[in-house]
Amino acid sequence: MGGILVQRQPRGRVARNRIGRTENRLIVPVTASNSDQLKARLGADRIHLGEVLAPYTTFRIGGPADVFFEARSADELATALRVARELGIPHFVLGLGANILVGDMGFRGLVIRNAARSRSITADGILEVESGAVVWPDLIRFVVDAGWSGLEHYAGIPSTVGGALWQNLHFLSPAPERERTMYIDEVFLDARLLHPDGTASVKGKDYFDFGYDQSVLHHSGDVVLSARFALEGGSPETMNRIIEENLAWRAERHPPLDTEPSAGSIFKKIEGIGAGRLIDQCGLKGTRIGGIEITRRHANIMINRGGGTAADVRAMIDRVVETVRAETGYVLEPEIAFVGEF
Ligand SMILES: Cc1cc2nc3c(=O)[nH]c(=O)nc-3n(C[C@H](O)[C@H](O)[C@H](O)COP(=O)(O)OP(=O)(O)OC[C@H]3O[C@@H](n4cnc5c(N)ncnc54)[C@H](O)[C@@H]3O)c2cc1C
């Protein structure tokens, strides 16, 4: 083994939420020799060196990965993880990049973009799906068209199945009531996981320990290879109405991703108060640092106006945290995860 590679960490407040597992192990940097081994094991034409990560995130921010590999099946995902671990190369599993901020200096190691997307549904509504499947629109359209209900609430949210289980994807219950938050764990049955020791097993809800923006995946080092959801028969008319209403709700309140890239809500909610409300109360909507702006549509969302950097986002996070603390006494914590070198 070579040396220890610690990715440069974000300073101050933003350090809390950084991706820790690949940074805290005994790891070696990518070299000509081990990248050749990656090529030999994963296919020379499938390995990309120095791939810029910004286009693979919804924020459109992030520098290059030393090595980038796109897994097209759960088997390829498991193989890439096992090889990286054998070689001691730090690695990160990337979904749609909708809940992360990648550092401007990129990621030292292997980024595995999860594009394992096969899916099927049984006659009694058990959806079996690989973890790189895209929840909206692909998976939701697939199940709704087949008459199965349970996922339509999450229409419009950018997420893979793996990312959805990492964070326990959630949204307000259907209009007009919108009286409670619905969570994807409500229809979750079980998942096939690759554990840090290289073994795989199927684990159910108890193991996942789901909470608000929480699951066991945050600290276990497990990677979801595939998952099963138990759906119920539903009327396509009702489901399509829910989808349309939820899309309309989002269109009114959220910046459109194609023209105003973002990572969704930046700060965790504060029960009964709302992070966005506090930020709004401090008059921070419209504040701009570099290419990053707090959108006027929603105080908890920062948008990339073009040329925005991870450094701009961090500076904005620090400004918001300091202002809200000084003016209201509440301490906001980032919800997004920080990945790579800053
Ligand atoms: C415009 C916008 C609106 C949003 N609205 C909502 C909302 O209403 N509700 C909500 O809950 N979220 C919302 N989000 C946040 C985001 O959509 C979710 O957190 C989503 O689940 C992220 O999925 P992803 O595939 O992009 O994960 P990524 O951002 O790529 O990764 C997030 C974390 O999950 C880990 N991960 C990914 N795949 C796996 C896997 N297979 N196994 C283990 N770990 C894995 C990654 O390593 C990383 O640590 C929003 C985001 C945006 C940009």
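**Reading a sheet, a ligand shell and a core**

Tutor: Let's start with a single pair: in this predicted model, S265 stands opposite I301 in β18.

Student: How do I read such a pair as part of a sheet? How many bridges join β15 to β18?

Tutor: The general idea is that strands of a sheet pair through backbone hydrogen bonds, in either a parallel or an antiparallel way. Here, two bridges link β15 with β18 (residues 301-304), and these strands run antiparallel.

Student: In what order do the four strands of the open sheet come? And which are the edge strands?

Tutor: The order is β15-β18-β17-β16, with antiparallel pairing. At the edges sit β15 and β16 (288-289), each of which pairs on one side only.

Student: Let's turn to the ligand. How many residues surround it, and which are the closest?

Tutor: The ligand has 34 residues around it, the closest being G95, A98, G162, G163 and G264.

Student: Which residues of the largest nonpolar core touch the most other members?

Tutor: That core has 92 residues, and those touching the most other members are F69, L101, V111, I112, V135, I140 and Y154. Helix α10 (residues 310-328) contributes the most to this core, namely seven residues. Take V111 as an example: beyond its neighbours within four places in sequence, V111 contacts L53, A65, F68, F92 and L94.

Student: Now a loop residue. Is A116 buried or exposed?

Tutor: A116 lies in the loop between β5 (107-114) and β6 (119-121). A116 is buried, because 25 other C-beta atoms lie within 10 Å, and the cut-off for buried is 20 or more. V321 lies 205 residues from A116 along the chain, and their C-alpha atoms are 37 Å apart.

Student: To finish, what domains does the assignment give for the chain?

Tutor: The assignment lists domain 1 (12-114), domain 2 (119-251) and domain 3 (255-339). Taken over C-alpha atoms, the centres of domain 2 and domain 3 are 26 Å apart.

Methods: Residues are numbered from 1 along each chain as its sequence is written. This is a predicted model: local features need pLDDT of at least 70, side-chain atom pairs count only at pLDDT 80 or more; totals for chains, interfaces and linings use all residues. A nonpolar core is a set of buried Ala, Val, Leu, Ile, Met, Phe, Trp, Tyr and Cys residues joined through C-beta atoms within 7 Å. A residue is buried if 20 or more other C-beta atoms lie within 10 Å of its own, exposed if 12 or fewer, and partly exposed in between; C-beta atoms are placed from the backbone. Two residues are in contact if their C-beta atoms, placed from the backbone, lie within 7 Å. A residue is near a molecule or strand if its C-beta atom, placed from the backbone, lies within 6 Å of it. Domain bounds come from an automatic or database domain assignment. Two strands pair if DSSP finds at least two bridges between them.
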